[in-house]
Number of protein chains: 2
Amino acid sequence: VRITKTRRVGDGVLQRDFEIEVAGEAVPGVIWTPDGTGSACLAMGHGGSQHKKTADIRIRAVRYASRFGWVSFAIDAPGHGNRISAEEAAVEQRRTLARLRGDADAVSLTSAAKNSYLNDLAAQAVPEWRAALDAVLESDLLVEAAPIGYWGVSMGTSIGVPLLASEARFQCAVLGLGQLHPDHVEFEAAAQRVTVPLRFALQWDYEIRTREYGIALFEAFGAAEKSLHINPGGHLGIPPAEAESWELFYQRYLV
Amino acid sequence: VRITKTRRVGDGVLQRDFEIEVAGEAVPGVIWTPDGTGSACLAMGHGGSQHKKTADIRIRAVRYASRFGWVSFAIDAPGHGNRISAEEAAVEQRRTLARLRGDADAVSLTSAAKNSYLNDLAAQAVPEWRAALDAVLESDLLVEAAPIGYWGVSMGTSIGVPLLASEARFQCAVLGLGQLHPDHVEFEAAAQRVTVPLRFALQWDYEIRTREYGIALFEAFGAAEKSLHINPGGHLGIPPAEAESWELFYQRYLV
């Protein structure tokens, strides 16, 4: 793993930018490390129109490092973050917020087009995540055989489900704000292969998703230990208590 | 409150049986107290065919007292525990387990009959709970203005919802395994008046309930802060991690 920049971000915590090459494309990543060798590892998948250092990920990664001694890492998803220009990112963010607001003129894909888009996204993103995980595990930043967890909601779940289905090194995962659309056979098959202990968070007052498809995804997961947590509010309104409960989940399963 | 029996049940924790009289009927109760004055108070409502000292309640009450210094209390619901003979209780328990197993010859009430039964149950049980709460608060077992929470799943929710709707002294509640049946207008109105922070637990593979009615009850609650936690498994299979999360919920809201 090629470290391109290192920055102290508080309490012995270092934030290291890195870059890996996958299928001829440069994939930018970031890794947050505690003082000393990390005792556990978290892969954090950002949401659509966000990037690897989105506040939600960064704040928790720094906290996990300083409080629990965990290493966290994230990569920019295809077509996100430093893989596109700032102008392209701004356009995409406006488009996403318009969809979240339910604006009538926001572009809405047909279900078949969306399923096809998500399949393509997974086909590119999953090998990138696996390569990033290889790179992190080959470093000397973690204790040997450190347990590995995944976190990702919304697009982080769209990518996380096929990732968890094909990657046996994850021991548990927090997913959320995801859904299983009718006839999305590839995603359903992947969800059935997700068998690690699982937390799944849904917001009940979705602007852009439907409740039934979220519950359908929960039901599809192959995990024996899985919990669905439903809270009121919109896509961006996961309450703080829910997010705090994730660290207890990881404390339980990253051992 | 008339204490009838006191027993040490571990780590400075006392279990005191008591009795109050409500509408001419003796209501047996139990209160678990920590070493020293209780800093918070929990009312625990048992499930159908169970009683006030059912293992699930007793074990948590003792733990809450010894670990957190909380007082917990419970009363036998109408037609339960010491309010019926041991033979009657055994018959009721066999009947309930048969229903939970889905036995074909288990008596199943019509929806209207069930709603009417639950209304009658609430009409008797709610004043009993309020009288028990009065008695506990009049004792010197709690610090002044100690925060009060409610816990009760299944029948503990059938009684808990109308209790919380009519009793402003509760600050938060954990409910679960409950449902809102069609045309149960009284229960729906009560749920809408439940506005304290709320945790609601459902088991996804119900033998005797339906998922939609459980979700309907969650939606009916008037609370702004409410979380629905869904786990796989049957009515009696709430996983340990879920039960452990309740004490974090109380730690957050009983302040």
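Buried means under 20% relative accessible area, exposed over 50%, and partly exposed in between (1.4 Å probe, protein chains only).

## Basis

This is a predicted model: local features need pLDDT of at least 70, side-chain atom pairs count only at pLDDT 80 or more, and totals for chains, interfaces and linings use all residues. Residues are numbered from 1 along each chain as its sequence is written, chains are lettered from A and ligands numbered from 1 in the order in which they are written, and side-chain values use heavy atoms, leaving out hydrogens and water.

## Buried aromatic rings

Phe221(B) is buried, at 3% relative accessibility. Phe200(B) is buried too, at 0%. Their ring centres lie 5.4 Å apart with planes at 75°, so the pair is edge-to-face. (Rings of Phe, Tyr and Trp, the last by its six-membered ring, pair if their centres lie within 6.5 Å; planes under 30 degrees apart count as stacked, over 60 as edge-to-face and the rest as tilted.) Phe200(B) and Phe221(B) are 21 residues apart and link distant parts of the chain.

The whole structure holds 24 aromatic pairs over all chains. One of them, Tyr64(A) with Phe68(A), is tilted: 6.1 Å centre to centre, 40° between the planes. Tyr64(A) is buried, at 0% relative accessibility.

## Two copies

A rotation of 180° with 0.0 Å of shift along its axis superposes chain A on chain B, RMSD 0.0 Å (least squares on the C-alpha atoms of residues with pLDDT of at least 70 in both). The two copies are thus related as by a two-fold rotation axis. In chain A, His229(A) comes closest to that axis, at 2.2 Å (C-alpha).

Note on methods
Helices (H or I, at least four residues) and strands (E, at least two) are DSSP runs, numbered from the N terminus.
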